[in-house]
Amino acid sequence: YINLAKFLLDSRKDGSEYDQSHVPVQQQYEAVGHAVRATYNYSAMADVAAETGDTDYQSAVMSLWSNMVNKKYYLTGGIGSGETSEGFGGNYSLRNNAYCESCSSAGLIFFQYKMNLAYHDAKYADLYEETMYNALLGSLSLDGKDFYYTNALSSAQPRYAWHVCPCCVGNIPRTLLMVPTWTYVRGDNGVYVNMFIGSNIRVDKVAGTSVEMIQKTDYPWSGDIELTVNPDQSKEFTVYVRVPDRKTSDLYTPLPAVKGIRSLSVNGKMIKADIRDGYAVIRRTWKKGDKVKVVLPMEIQKVTADERIEADRGRVALRYGPLIYNVEAADNANIDQPIGNAPLSLEWRKDLLGGVMTIKGKWADGSPLLAIPNYARLNRIPTTPYPQAAQQTQPTRANEPGQAVINRGPLSVIWMKGELMK
Ligand SMILES: [Zn+2]
């Protein structure tokens, strides 16, 4: 596989930026061209870099990753502004009428996962968790029947039942169905807990045994996680528990800073674990029924963007744990006004959108503000069978609003007007 991947990658030259064949891949440092093709290309590059140790591949893949995450990355974990054909724009050029194809979110998860496999640094899992909960899950309607091809951060566009270019319709479910793969990663001397999802997943070949990992949690609504480690045979190995850092990109600053662990215990005994590369390191002889309890800090955060992102200047977004929030016309009288300075609070609403943690506050005019998670956005407008004819032939314009939409303005936005109080 590696030989074939390297052969195909090394054949890429004398082509165009569109499919990342403009220069040899080892000389590529800026993420350009079609965003889905880019993430597939970079995923293979990460594999070659990790398996062969080729330093040219390693430095190129690190530069591409850093450029994408720190200069061309949306708050939702989406990529591809759509200023080039289904692809990236320039550095810091991140309009909110974004392209962010669902397939590019799937591809970005693959790439971040490969980087996590290669370097065992939790920051890559922080990033793919972000893309998973916001960009990818948000592409689907709550009933799972309709989907977005493009995922704008400011929109009035309904989801589709079908698209003439049916790439995303298969890519979204296959990526979501790979949750067991994204949840645990096996290392040389143990197992990495990358996602917090109520589940029962078997991880083979850990220190010569097979380990059943059971998680009980209602994350991301709360930060309480109970992990049962059930090795077939008692063995010494390390369980690495990801300690999320909500600041995932240089582009966005969520405040207050939320990272670290509130508490960590093994079989009821509090422990203070070393934190290494974003993981709490727990090494011991594990036996059936051993229980790890982790409490992660979960707080509302106000996010501001780098001044160089023109579209987000003078704007604020809301975050809770890995979730990015939207305000919608369905819940708010006027979403085109600044957010007020009233304190923000959480409210669990089991009656709303299948059960969501909402964020409540006040707008500048004193009216109540209600924010919902991005993945649940725009579920209260009628869906369409498929995009308009003009959009079908111009996929790069599939998320440009029609005239009716321009006249009424977006029905759902992430970036609200407002300055952050220092
Ligand atoms: Zn697609």
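Which protein donors hold the zinc ion, and how many Å from it do they lie? The donors are Glu101 (OE), Cys103 (SG), Cys167 (SG) and Cys168 (SG), lying 2.0 to 2.3 Å from the zinc ion, where a donor is an N, O or S atom within 2.8 Å of the metal (3.2 Å for Na, K and Ca), and water is not among the atoms, so sites may look incomplete.

The model is predicted, so local features need pLDDT of at least 70 and side-chain atom pairs count only at pLDDT 80 or more, while totals for chains, interfaces and linings use all residues. Residues are numbered from 1 along each chain as its sequence is written, and side-chain values use heavy atoms, with hydrogens and water left out.

In sequence, the donor residues follow the spacing E-x1-C-x63-C-C. Glu101, in the loop between α3 (55–71) and α4 (102–119), and Cys168, in helix α6 (residues 168–176), are 67 residues apart, and the pair links distant parts of the chain. Helices (H or I, at least four residues) and strands (E, at least two) are DSSP runs, numbered from the N terminus. Both Glu101 and Cys168 are buried, a word that stands for under 20% relative accessible area, whereas exposed stands for over 50% and partly exposed for values in between (1.4 Å probe, protein chains only).

Helix α5 (residues 122–136) has 15 residues, which at 1.5 Å a residue should span 21 Å, and its end C-alpha atoms are 20 Å apart, which agrees; the expected span is 1.5 Å times one less than the number of residues. Of the 15 residues of α5, 14 are buried.

The structure holds 17 aromatic pairs, counted where ring centres of Phe, Tyr and Trp (its six-membered ring) lie within 6.5 Å, with planes under 30 degrees apart called stacked, over 60 edge-to-face and the rest tilted. Among them are the two in this table.

| Pair | Centre distance | Plane angle | Kind |
|---|---|---|---|
| Tyr113 and Tyr128 | 6.3 Å | 70° | edge-to-face |
| Tyr192 and Tyr240 | 4.1 Å | 5° | stacked |

Tyr113 lies in helix α4 and Tyr128 in helix α5, so their pair ties together parts that are 15 residues apart in sequence, and both of these residues, Tyr113 and Tyr128, are buried. Tyr192 in strand β3 (residues 190–193) and Tyr240 in strand β7 (residues 235–242) tie together parts that are 48 residues apart in sequence, and Tyr192 and Tyr240 are likewise buried. Ring pairs also link Tyr40, Phe110, Tyr113, Tyr128 and Trp182 into a cluster.

**Backbone features**

The peptide bond from Tyr219 to Pro220 is cis, with omega near 10°, and Pro220 is placed in the loop between β5 (209–217) and β6 (224–231). Leu255 and Pro256 are also joined by a cis peptide bond, with omega about -5°, and Pro256 is found in the loop between β8 (252–255) and β9 (263–266).

Asp14, a residue other than glycine, has a positive phi near 60°; its place is in the loop between α1 (2–10) and α2 (35–52), and Asp14 is exposed, with a relative accessible area of 74%. Lys205, not a glycine either, has a positive phi of about 60°; Lys205 is found in strand β4 (residues 199–206) and counts as exposed at 67% relative accessibility.
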